[in-house]
Structure formats: C-alpha cells, structure tokens
Amino acid sequence: MKIALGQVNPTVGDFAGNTRRILEVAGRAAGLGVDLVMFPELAVCGYWPADLLEKSSFVARAGEAVEEIRAWSAGVGRPAVLVGSVMPVEGEGKQVRNVAVLLDGGAVRLVQGKMLLPFYDVFDEQRYFEPAKEQELVTVRGQRVAITVCEDAWNDKGYWPRRRYAVDPVERLMEGWVGDGVKVILNISASPFWEGKRAVRREMLGALAKRHGAVVAMVNLVGGNDSLVFDGSSVAVGPGGEVVAQARSFVEDLVVFDTAGVGVGSGVEVDTKAVWDALVLGTRDYVRKCGFQKALVGLSGGIDSALVAAIAVEALGAENVMGVGMPSGYSSEGSKDDARELAGRLGIGFEMLPIAAGYETAMTTLEPLFLGTPFGLAEENLQSRLRGVMLMALSNKFGALVLTTGNKSEMSVGYCTLYGDMVGALAVIGDVWKTKVYALSRYVNRAGVVIPEATLTKAPSAELRPEQKDTDSLPPYEVLDPILEAYVERYCPAEEIAREQGVDVGLVRQVLGLVERSEYKRQQAAPVLKVTKKSFGSGRRFPIAVKVQI
C-alpha cells in the first residue's frame, strides 16, 4: 500500500483554514497515486484546544470539518484519508473523545478512539477526553492496518523500563492480527518537541516495529501553538527498525512510502540546530497566530537580547523586527555600541531611547520615602521597569509584540525583574540555559559574524549598578546551569546534586533556595517556548505559598 504522511501546521480553532490545508495536501497526495494519506492528531481543530473542548459549538464545528473531508474522499481517484479530530460521546463520562477518523469513498470507515490519555508534563487529556474502551483492526484498500493515536503507541514494554499504563493498545491490536502479509501500524500524533526527543521517538518506533515485525508509520504535527512547538519529523520504519521514510523537521512536508518497498531515510539534525529551528518556528507561529506581524526587542548589548533578536529576524523577517536600546547612567559605551552593531548586522530598525532622565525624575519623586536608605535592589529594578514601560508604550503605539529576553537560568533563580525585563508577550529563550545561549549564538555566527564578538566574550552583566557582574550574585553559569538542570528538570535532591557535580552542598542549597523563592515570579512570566524535557509553565506545577525543605 502506498501511504503519504501529511505533516501539516494547523491553528487551534481555525476549522476553515485547517480543513482547507488538509484537503490541499490530500489533493497533492492524490496526484502522487497514494492509497492513503495520514494527518496528525487533532489536525482538524488544532492542538491543544484545552477548555474549548467544553464548548459544544467547537465540537460541532469539528464534526462539520470531518464531514467536508468525508465528502471530498468520495471523488474518483482520491485516496483514503486518516485524520485526527474530536467527536462527542453519548451517555455517561466525558463529553468528547480524541479520535482518528478513517474516511474512504465518501464513507466513514472507522472511528478509532484514543485509549491512553496522557496526564504528565504539559499534557492534561484526562481532564477532557473519554478514553476508548476497545480498538479494532481495519482494512484499507485491501491492506489490513492497526490505527493508533499518539500515546497509544508509547507504552511498549519491550522499550520502556517502566511503563505509565497497564494496557498496551498496540499489543492488543496485534494480538488480533491473523494471516500472512505485511503488518502495518499507523500512528497519528501531536508529539511536542524537546531537545533529544526526536531520537527517542525514532528509537521507540523502531523497537515497536521490531517487536511486532511490522511497518510503523507516524505522522506528527508541526508548528507552534502557545508554549508548545511541534517538530514534525514524521517517520516510517520497517520491520527491522530501519527508517524507510523521513519527513523534515519544523516545516510542513508530504512524504510518500510503500509498505512493500524501502524508501530513503535521513539522519536527525544535531540538537543545537534543532533547538534553533524550534525557537524560530515557535516565535513565528506565536506572533502570527496571535494576529500580529511585528516584534519589539529591547537590545542591551548583551548576549540574551542579541540571540532573541536574531531568532526574531529569522522568524519574522528583518523588516518586522525593531530593536530598542534603553541605556541608563550605568550602561557602558561598549554595550551601546554592541547593540547598534547587532541591529546593523541584522538589518533591523533601531532606536536609542535613554532612560536616564526618566530615572532621575522617578528617583526625585521617591526621594522623600527613600531618604536615608542605601542604593539597592529597588533602585536597580526601577531602571528595568522603566524599560518595560517604554517597550509596552511602543507596543501599544505600533502594534508589535514585545519579546522578552530572559533565559532559563535567570528565570530559575529569579535573576529577573517583574514588570521590568519580564515584560512581554513571549519568553523566547525562557527554556534555554545560559550556557546553551552561548552555543546557539555561536550557531547564529556559523557563516559569519552576526552577533558581535564583544557580546560573546564580555562578562554577563545587567548593568544596573557600577561595575556589576552576574557573578556578583550567582555562581559562574558553567557551575550554576548543571545544578539547575538537575533540580529543575530532574528533581534531584541537594546532596545528590552536590555529589554528581562535585560542588559544595552549601552552594547547592543556596541555589535551590533561590529557585524555590522565585516561583511567584515564574507564574507571572510570559509563555515560555518549550525546548527541554521540563520547561517552566503548564508542565511544571508547583504552589507559590509553600515551605520546602531543601
């Protein structure tokens, strides 16, 4: 059987646009003579719809979209279509089900419900969906196939040392397989990206194929939706676990393979490039799907804002990005020069709006209350907050989204200012450790200097007081980041981190204390583009008012 993987980028709630795109790709697949074209999980309505699923009108529109695709499939010479959607549930339990719908010859041939509903990390499907109680094999164009939805293929006891669920839907389906001929397992997915996941996904599918002696094909969603970035990377593997077809990552694609033959596989790109591509795609889709075209970036002359500006230019085009320098009396001439040079190399508009006068005015207003107190955090943060005011004024005036420039290291320990540098619509690098920021910045400069060398080599500083350096308040990032990664992403205790990293347990506890005291800041932060296994946001849920033993 000739199968096409239709890797598409839907927008949540855009039923007309999503259906139009599905039918356009299905038409292209028809021209290639395929028997079946597959589309991702919830491709009809977009992923993740969250509480929209509780609106009957939303579910009804999904049904209308499926009906339009069904009618299209009745045409002469058109392939069968396998597409993800939601459908209402009659009787007791949840009101909707996450389903794969098989449409062929103008008829609904199968509605396969999702059995395993993930409830970890960013997933909360048990809140909305009624799980399928049974599944069945189906014959498509003379070929028997097993159809699964995303998580239903992620519970193979031969691959995972500890499974999340007692039931393995694929195993159940394959137990019902009788007769000779090639076995085919189809999986429609909405599997978000994190660094290293593409390799895990491919290994898992290969293990599944070898265990059942089957061709396994997975079509995955691509695109950014709020904090989640879907990498696509749709793939088909043969019974020996070998790749027989591979879609590109982070772009829409259409890949065709034959279950009776072997296609051409390709390798997975290195993860630095993958993280870059994910951030670019996530930024582009966030801005555009929110109805905007332009972005603002506060350029300090530092490496974080330089990287965010470079990502924004790649995502939106230089003509749609504006850089704003907002020096105070503590900003160095070198930083101002670096910001100008970066803007010139990126080809973006740039304005220098000094905040010194506004800062002095604010300090004069506060002087009666601040009298007799030493210069400290309040005065430092006032500068940052004035910059936030300026950026939001420009955003309102010119209709451009502000991109925040804080990294994951800073967000972890609270080395960021509420209503200051945290102001904005999207935390582009909020899931990127500071040490990774440098790696990505060197990737930006792979073909020539874009980010100035001085920005890459100077000591990090917020420049909110004379001669300030980040290391005045924090350990060096090459020491800090491994501690934070172990605690934030893997939940390791202080003693284990100290042993693992070879550092003093007192230093570890000091860092972990900063993490715990900063939860109130993170829960007021802009949405973070997820590129690691555990990012700040819906996938990491902790109370604010809590006393934690470190």
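What follows is a walk through salt bridges in a predicted model. Local features need pLDDT of at least 70 and side-chain atom pairs count only at pLDDT 80 or more, while totals for chains, interfaces and linings use all residues. Residues are numbered from 1 along each chain as its sequence is written, and side-chain values use heavy atoms, with hydrogens and water left out.

Side chains of opposite charge can pair when their charged atoms come close. Here a salt bridge means a side-chain nitrogen of Lys or Arg within 4 Å of a carboxyl oxygen of Asp or Glu. The count by this rule is 34.

Start with Glu171 and Lys157. Their closest N and O atoms are 3.1 Å apart. This pair links distant parts of the chain, 14 residues apart. Glu171 sits in helix H3 (residues 169–175). Lys157 lies in the loop between strand S7 (143–149) and H3. Helices (H or I, at least four residues) and strands (E, at least two) are DSSP runs, numbered from the N terminus. Both residues belong to a network of salt bridges that also links Asp156, Asp168 and Arg211.

Lys273 and Asp277 both lie in H5 (residues 271–289), four residues apart, about one turn. Their N to O distance is 2.6 Å. Asp277 is buried at 18% relative accessible area; Lys273 is partly exposed at 27%. Buried means under 20%, exposed over 50%, partly exposed in between (1.4 Å probe, protein chains only).

Last, Arg540 bridges to Glu519 at 3.7 Å between the closest N and O atoms. Glu519 is in helix H16 (519–522), and Arg540 is in the segment after H16, 21 residues apart. Both Arg540 and Glu519 are buried.
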